[in-house]
Amino acid sequence: MENKDTRTFKIDPSIEMKPVRFKNRFGIELAGHLYLPENYEAQKNAAIVVAGPFGAVKEQASGLYAQQFASMGFVSLAFDPSFGGESGGEVRNTASPDLFTEDYSAAVDCIGLLDYVDRDRIGAVGICGLSGMAITAAGTDTRIKAVATLSMYDMSRDMSRGHMDYYTEEQRMKIKQYLSEQRWRDAGSGTYALGNHEIGFDEAGNPLTAAMEVPEELPEGADPAFAAFFQYYAKRARHPRAVNFVSSWTATMPVSFWNFPLMTNIKEVSPRPILLVAGENAHSRYYSEDAYAAAQEPKELVIVPGADHVDLYDNFDKIPFDKLEAFFKNNL
């Protein structure tokens, strides 16, 4: 019996989609959706692997992008990173910057083994929190010939420094103490508690560690960034396998991101090109700008007028697909 199609975006009937399974080098089986352009078997095609946002699944933004890339003539693979969606890995609802980086290379393995793909013309795309892993993978895996990011989030920096690097050293120590104590609790109980991966502080200066409670409706006066995420994850693109606004991450998940600084080797992507796309009004814009400053040529930064962070998930009026198409057709 076939599984029900649970993609959250408008499906293009002219683009064939095939579910695929493949393993990363740690033996974890990953699940993907392979999007195939018309007449794909008649030639060797350029290919693109895509994942993100952080906590999302292939039936959301990454699948929309992969479908659109296929309409441009690219064989495209949207995949669920380890521990989430339909991919394997235990414990569920956890994340690893190392393994998520490896998952990109595993996706390259998968797509590059196809008879109708040109192994010398494979690119990678990261959306939101998977952007750092796409760049990090490209820094080491020279099979990735071009990399683009949309609404980039550097999750290592975000978790260890806070938004706009606001954490004080005292706050950083409090978070490390909390994470360390939580490990005792998890070890003692034999389970993995859920928590908040982006840890803020209450009025008394204590870490806010409770798992997110998602309201049924958006509260009045909600923070604009929260409102944009809510409208996407809780409303128009809600998916039961996603972590965001459906469940929560394991409480100790940030430990890996404190220990693994993404972006360290961004200069080593060169001479292969990087394209970074961010919304003019995105609260995350500075991540793309800082990555652009750190990267070596060839590189390009595109700021989309009037766009916020989430607009680049699914807003066709804001996503610069023309620039993405030109970037990959010129570089693959």
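The structure is a predicted model, in which local features need pLDDT of at least 70 and side-chain atom pairs count only at pLDDT 80 or more, while totals for chains, interfaces and linings use all residues. Residues are numbered from 1 along each chain as its sequence is written, and side-chain values use heavy atoms, with hydrogens and water left out.

**Helix α1 and its partner α10**

- Helix α1 covers residues 61-71 and helix α10 covers residues 321-331, where helices are DSSP runs (H or I, at least four residues) numbered from the N terminus.
- The two pack at an angle of about 60 degrees with their axes 11 Å apart, the axes being lines fitted to C-alpha atoms over the stretch in contact, and the angles running from 0 to 180 degrees between N-to-C directions.
- α1 and α10 are therefore oblique to each other, a class left over once angles under 35 degrees count as roughly parallel, over 145 as roughly antiparallel and 65 to 115 as roughly perpendicular.
- On the α1 side the contact (heavy atoms within 4.5 Å) is made by L64, Y65, Q68 and F69, and on the α10 side by F321, L324 and F328.
- Nine of the eleven residues of α1 are buried, so α1 is largely enclosed by the rest of the structure; buried means under 20% relative accessible area, exposed over 50% and partly exposed in between, with a 1.4 Å probe and protein chains only.
- Among the buried residues of α1 are L64, Y65 and F69, and α1 is followed by G73, whose phi is positive, near 110 degrees.

**Helices α2 and α3**

- Helix α2 (residues 97-112) and helix α3 (residues 131-140) cross at roughly 65 degrees, and their axes come within 8 Å.
- From α2, the residues P97, F100, T101, Y104 and S105 meet M133, A134, T136 and A137 of α3.
- T136, placed in helix α3, counts as buried at 18% relative accessibility, and T136 touches T101, F260, L262 and M263, not counting residues up to four places away in sequence.

**The largest nonpolar core**

- A nonpolar core is a set of buried Ala, Val, Leu, Ile, Met, Phe, Trp, Tyr and Cys residues joined through side-chain atoms within 4.5 Å.
- The largest such core has 106 residues, of which F54, Y65, Y104, L324 and F328 touch the most other members, and α2 gives the most to this core, with eight residues.
- Y104 touches residues including V49, F79, L130 and M133, not counting residues up to four places away in sequence.
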